[in-house]
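Q: I would like to learn how to read the overall fold and the pockets of a model. Can we work through an example?

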Amino acid sequence: MSFLSKILNKNIRKKMLNAILLPCSRVYGAAVWVRNTMFNMGWIKRTKFKIPVVSVGNVTVGGTGKTPMVEYIIEALYSRYKIGVISRGYKRMTTGFILATDTLSPRDIGDEPFQIFHKFNGLIELAVCEDRVAGIRQLRKIHPELDLILLDDAFQHRKVNPKVNIVLIDYTRLPYEDKLLPLGTLREPVRYVLQSDMVVVTKCPPDITPRDRRMVRENLGLFPSTDLYYSTIRYGDPRPIFPIPGVALASLRDLRPTDAVLCVTGIANHRPFAKYLLGFGANLKVIHYDDHHYYTRADFDEIFETLEELEGQRKFILTTEKDAVKILNNAYYPPEKRDCIFYVPIRIGVLEQEEPAFIDQLVKRIEQHIDLTDAI
């Protein structure tokens, strides 16, 4: 079969798949419209709380950087507020309300909540609950001193009426170039971004131009009252998952062309991380698992067999902070292999000229007086 025939067949297959998925996407869109209309008309109750609630969410499936953004907000505000965090705890092995404690594992509360809790242990309170209204009530009952609630991934959970709605948009997958599920990755039509108070475009190149910013704002069609910001991913130096004396990879800049690196991820979009690692010149191989993946004995067998096959004078496994919390607490990880695996921490960096403005504006919105007649 010629190359042209392969391309044509690929295009034909794509068109056929799109033709099948398009009706499903329209049905999904209609269901979303009905649901949101019921909330807008007051047919489904929305709960407003006297304590300020900040929701961080998105309109697409997959990683837009919600957890780094929640961490960024906590880091900026924990000295000003007593913060409580509520998350669903996606793919945890438990149900209902669970208050995070030192004795719990990622399987108990989810990998991302576990990461947040241990990074800010003693500075925040965190709980997981599928029902965000019930979760806020229970957390406030246990910790009445809290004066700010952060909701992780809650833009679609409209039973809570937050004081501030922050929506994240991935610059590499702009929603106005996307389609509704299952044809695309949109959880809601782009127009629902208009319900937000603040929009942050994440994963931007550090040198994004004023023209590109202007095009994003125009294509989103935001209200003048909606604040729009741009952020980048900032990678830190690698850190050992298992702190073993004498074992260190102080910086990725220490990697050499004669080194081998196995990139292992279980996140929604691994490509930016892999691309970043590729820039350091080592011999790179990638193993990618599904988002929120819990590693099994078979996974580790695959990982170390692949590492063994790589050619390199030195061999390292590099993974994400989200994966690290599951590997650290995993009984299947072979103890004799603890000296070769590192994670690369990341944080959100709102572009420098906007960084003070973002936090200042967020605080202004949090402290803005609103009618709390119906609040609980």
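Predicted model: local features only at pLDDT ≥ 70, side-chain atom pairs only at ≥ 80, totals over all residues.

Q: What does the chain contain in the way of helices and strands?
A: The chain has ten helices and 14 strands. Its radius of gyration is 22 Å, close to the 21 Å given by the globule rule for 376 residues, so the chain is as compact as a globular protein of that length. Along the principal axes, the C-alpha atoms fill a box of roughly 65 × 55 × 40 Å.

Q: How many of the residues count as buried?
A: Of the 376 residues, 49% count as buried.

Q: What share of the contacts with a separation of 6 or more comes from residues 24 or more positions apart?
A: That share is 79% in this chain.

Q: Which residues lie nearest the centre of the largest pocket?
A: Gly63, Glu112, Ala268, Asp291 and Lys322 do, out of 41 lining residues. By class, the lining has 14 nonpolar, 13 polar and 14 charged residues.

Q: Which element gives the most to the lining of the largest pocket?
A: Helix 2 does, with four residues. Elements that each supply at least two residues include helix 4 (111–119), strand 8 (227–235) and helix 9 (321–328).

Key
Residues numbered from 1 in each chain as written. Heavy atoms only, no water. 1 Å grid on protein atoms, 1.4 Å probe; cavity = no way out; pocket = protein on both sides within 12 Å on 5 of 7 lines; lining within 4 Å. Nonpolar A, V, L, I, M, F, W, Y, C, P; charged D, E, K, R; others polar. Rg over C-alpha atoms; globule rule 2.2 N^0.38 Å. Buried < 20%, exposed > 50% of the residue type's maximum accessible area, 1.4 Å probe, protein only. Contact = heavy atoms within 4.5 Å.
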